[in-house]
Amino acid sequence: MHMKMQDIRLSTLMINAINGAIKMNHQLVIKFSDENYSIDDIVKVEDKIIEKIDNESDLDGHDIGSGEVAFFIFTNNPKKCFESLINSSIFRSMNLLQAAYRKTDSEVFTVLYSSTGN
């Protein structure tokens, strides 16, 4: 059986989550303008995110609608996670609108970046 590094990483995250070893306490949301990205484009970006984030973060998925693409990441350190992603080449060609995080037990978001300056 041949496993990709991504599969091994995801398996490790699932095992750790089952064992309660990883308790991710924040959700990071990164939004971009939807410039007619195909689902294949979004999946490629997701694969790159998974490769880049550390073992204490987990890509939860994405949402497309209202002219935006949003990626959802569970993490223990949302600032560090955002900085590592934004400083990589993953999002270089995408128009970043906003990045914000919240504690998983809260509805209140803290904005890390906003293209409107708010």
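Which residues form one aromatic cluster? F32, F71 and F91 do. The model is predicted, so local features need pLDDT of at least 70 and side-chain atom pairs count only at pLDDT 80 or more, while totals for chains, interfaces and linings use all residues. Residues are numbered from 1 along each chain as its sequence is written, and side-chain values use heavy atoms, without hydrogens and water.

A search of the whole structure finds 3 aromatic pairs. Rings of Phe, Tyr and Trp (its six-membered ring) pair if their centres lie within 6.5 Å; planes under 30 degrees apart count as stacked, over 60 as edge-to-face and the rest as tilted. Two of these pairs are tabulated here.

| Pair | Centre to centre | Angle between planes | Class |
|---|---|---|---|
| F32 and F91 | 4.6 Å | 40° | tilted |
| F71 and F91 | 6.2 Å | 35° | tilted |

F32 in strand β1 and F91 in the loop between α3 and β4 are 59 residues apart. F71 lies in strand β3, so its pair with F91 ties together parts that are 20 residues apart in sequence. Helices (H or I, at least four residues) and strands (E, at least two) are DSSP runs, numbered from the N terminus.

Buried means under 20% relative accessible area, exposed over 50%, partly exposed in between (1.4 Å probe, protein chains only). F32 is buried at 0%, F71 at 0% and F91 at 5%.

In helix α3 (residues 78–86), the buried residues are P78, C81, F82 and L85. They lie on the same side of α3 because they cover an arc of only 95° around the axis, taken from the directions from the helix axis to the C-beta atoms.
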